[in-house]
Amino acid sequence: MDLFDTFFGELLMTFLIAMVPVLELRGAIPAGIAAGLPPAAAAAAAILGNLVPIPFLILLLRRIFGWLRKSSWVGPKIDWLERRAHLKGRIVKRYRTIGLIILVAIPLPGTGAWTGALVADVLDLRLRTALPAIALGVLIAGIITTTVTCGVIRVFW
């Protein structure tokens, strides 16, 4: 029996997919449900997996970017990422914590916990302010993604 054929394996797979920057929980929840997890279990594993790297990102991103900037190949990509974070950070600058929650909660490409951590770092938001806002945004995004994945949205239209 393969590990990923068990309930624990499916939870682990969902958890790990949620840690991937582009996929996050928008990819993990549908993958977990498709693997056979109950929607609540898939959402819980994805939300937890999505939140695990965030404190480390907020605390270490500036140092990592400074180190990567020394490379002539990676440096311009880091500059591009920071410019993008500044553009996304306009709503956060204006509304601070609520803006960060909204940025993370909208389950669209280019938003999410990783982007929220990047924006929080670029705008020098403290961990104690940024982490609860990102966590609430991830929770809201998880609820939206689970609802859409399960097709409950069709009931209302």
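T14 is buried, with a relative accessible area of 0%, and lies in helix α1 of this predicted model. The largest nonpolar core holds 34 residues, of which L100 and I134 touch the most other members.

- Beyond its neighbours within four places in sequence, T14 contacts A28, G32, L37, A42, A45 and A46.
- The 12 residues of α1 reach 17 Å from first to last C-alpha, close to the 16 Å expected at 1.5 Å a residue.
- In α2, the buried residues are E24, L25, R26, A28, I29 and G32; their cover includes α1, α3, α6, α7 and α8.
- Just after α2, G36 adopts a positive phi of about 110 degrees.

**The largest nonpolar core**

- L100 and I134 have the most contacts with other members among the 34 residues of this core.
- Two or more residues are given to this core by each of α1 (7–18), α2, α3, α4, α5 (75–95), α6, α7 and α8.
- Helix α7 supplies the largest share, 6 residues.
- Setting aside residues up to four places away in sequence, L100 touches V92, G116, A120, L125, A130, A133 and I134.

**Helix α8**

- The 24 residues of α8 should span 34 Å at 1.5 Å a residue, and the distance of 33 Å between its end C-alpha atoms agrees.
- Buried positions in α8 are A130, A133, I134, G137, V138, A141, G142, T145 and T146.
- An α-helix has 3.6 residues a turn, so residues three or four places apart point the same way.
- The buried residues of α8 pack against α2 (24–34), α3 (39–51), α4 (54–68), α6 (97–105) and α7 (113–122).
- Just after α8, G151 has a positive phi of about 80 degrees.

- I143, located in α8 (residues 127–150), counts as exposed because its relative accessibility is 51%, and the cut-off for exposed is over 50%.
- L136, L139, I140, I143, I144 and V148 make a nonpolar surface patch of about 480 Å².
- W67 is placed in helix α4 and counts as exposed at 60% relative accessibility.
- The C-alpha atoms of W67 and V52 are 23 Å apart, with the two residues 15 apart in sequence.

**Salt bridges**

- The whole structure contains 5 salt bridges.
- E24 pairs with R26 in a salt bridge whose closest N and O atoms are 3.8 Å apart; E24 is buried, with a relative accessible area of 1%, and R26 is buried as well, at 17%.
- D79 and R69 form a salt bridge at 3.0 Å, N to O. This pair links distant parts of the chain, with D79 in helix α5 and R69 in the loop between α4 and α5, 10 residues apart.
- E82 also forms a salt bridge with R69, the closest N and O atoms being 2.5 Å apart. Because E82 lies in helix α5 and R69 in the loop between α4 and α5, the pair ties together parts that are 13 residues apart in sequence.
- D79 counts as partly exposed at 32% relative accessibility, as do R69 at 33% and E82 at 23%.
- A network of salt bridges links R62, D121 and D124.

Terms used
Residues numbered from 1 in each chain as written. Predicted model: local features only at pLDDT ≥ 70, side-chain atom pairs only at ≥ 80, totals over all residues. Heavy atoms only, no water. Patch = residues over 30% accessible without salt bridge, like charges linked within 9 Å, V, L, I, M, F, W, Y side chains within 5 Å. Areas by Shrake-Rupley, 256 points an atom, 1.4 Å probe, with all protein chains shown as cover. Salt bridge = Lys/Arg side-chain N within 4 Å of Asp/Glu carboxyl O. Helix = DSSP H or I, 4+ residues; strand = E, 2+ residues; numbered from the N terminus. Buried < 20%, exposed > 50% of the residue type's maximum accessible area, 1.4 Å probe, protein only. Expected span 1.5 Å × (residues − 1). Contact = heavy atoms within 4.5 Å. Core = buried A, V, L, I, M, F, W, Y, C linked by side-chain atoms within 4.5 Å.
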